[in-house]
Amino acid sequence: MAEPTTIMAALFANARIVELIAGLVVVEIIALGVYFRLRGRAIPWDLFSNLVSGLCLLLALRSALLDSAWPLIAGWLSAALIAHLAALYPHLKSHKSLEQ
């Protein structure tokens with residue numbers, strides 16, 4: 001039987017750990033979508049875009065660990081930024097002190 005440190009080293013060496021975590025984030029998005037849909041609502045926009053932002057960051061990390069080309073990494077990081085700004089927008093829009 002392989003030692004736990006060997007298993008963890010293998011998971012990190014080929015980015016499998018990031019793929020597992022990204023898969024869990026996708027399951028979380030789906031589960032929250034179902035939860036809110038059963039209550040007759042859509043998943044809140046800021047929650048959804050925040051989860052998408054995190055998923056994009058995970059995919060950027062995966063790309064970097066696999067030595068992907070820089071445009072792919074930059075693309076995932078840009079997508080994360082856009083999703084993050086989309087999550088912030090409703091909060092910034094409703095904050096009265098920013099409008100003064």
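1. Start with Ala 15. Ala 15 has a relative accessibility of 0%, so this residue counts as buried. The position is in the loop between H1 and H2. The backbone is worth a look here: phi of Ala 15 is near 70°, a positive value in a residue other than glycine. Keep in mind that this is a predicted model.

2. Asp 67 is the other loop residue to check. Asp 67 sits in the loop between H3 and H4. Phi is positive here too, at about 55°, although Asp 67 is not a glycine. Is Asp 67 buried or exposed? Asp 67 has a relative accessible area of 70%, over the 50% cut-off, so it is exposed.

3. Arg 62 links back to the first point. Arg 62 belongs to helix H3. Leaving out residues up to four places away in sequence, Arg 62 touches Ala 15, Val 18 and Glu 19. With a relative accessible area of 28%, Arg 62 is partly exposed. Trp 76 is 14 residues from Arg 62 in sequence, and the two C-alpha atoms are 10.0 Å apart.

4. Next, the pairing of H2 with H3. Their axes come within 9 Å and cross at roughly 165°. An angle over 145 degrees counts as roughly antiparallel, so H2 is roughly antiparallel to H3. H2 passes H3 in a left-handed crossing.

5. Which residues meet between H2 and H3? From H2 come Val 18, Glu 19, Ile 21, Ala 22, Val 25, Val 26, Glu 28, Ile 29, Leu 32 and Phe 36. From H3 come Leu 47, Phe 48, Leu 51, Leu 55, Leu 58, Leu 61, Arg 62 and Leu 65. By class, the contact of H2 with H3 has 15 nonpolar residues, no polar ones and three charged ones.

6. The core comes next. The largest nonpolar core has eight residues: Ile 17, Val 18, Ala 22, Val 25, Ile 29, Leu 51, Leu 55 and Leu 58. Helix H2 (16-38) and helix H3 (45-65) each supply at least two residues of this core. H2 gives the most, with five residues. As background, nonpolar side chains tend to be buried together in soluble globular proteins.

7. Setting aside neighbours within four places in sequence, Leu 55 is in contact with Ala 22, Val 25 and Val 26.

8. H3 passes H4 in a left-handed crossing.

9. What does the contact of H3 with H4 contain? By class, there are 17 nonpolar, six polar and one charged residues. On the H3 side, the residues include Trp 45, Asp 46, Ser 49, Asn 50, Val 52, Ser 53 and Cys 56. On the H4 side, they include Leu 72, Ile 73, Trp 76, Leu 77, His 84, Pro 90 and His 91.

10. Last, a residue in helix H1 (residues 4-13): Ala 9. Ala 9 has a relative accessible area of 44%, so it is partly exposed. Ala 9 and Asn 50 are 41 residues apart in sequence, and their C-alpha atoms are 29 Å apart in space.

Methods. Residues numbered from 1 in each chain as written. Predicted model: local features only at pLDDT ≥ 70, side-chain atom pairs only at ≥ 80, totals over all residues. Heavy atoms only, no water. Core = buried A, V, L, I, M, F, W, Y, C linked by side-chain atoms within 4.5 Å. Buried < 20%, exposed > 50% of the residue type's maximum accessible area, 1.4 Å probe, protein only. Helix = DSSP H or I, 4+ residues; strand = E, 2+ residues; numbered from the N terminus. Contact = heavy atoms within 4.5 Å. Left-handed = near helix turned anticlockwise from the far one by under 90°. Nonpolar A, V, L, I, M, F, W, Y, C, P; charged D, E, K, R; others polar. Axes fitted to C-alpha atoms, helices over the stretch in contact; angles between N-to-C directions. Parallel < 35°, antiparallel > 145°, perpendicular 65-115°, else oblique.
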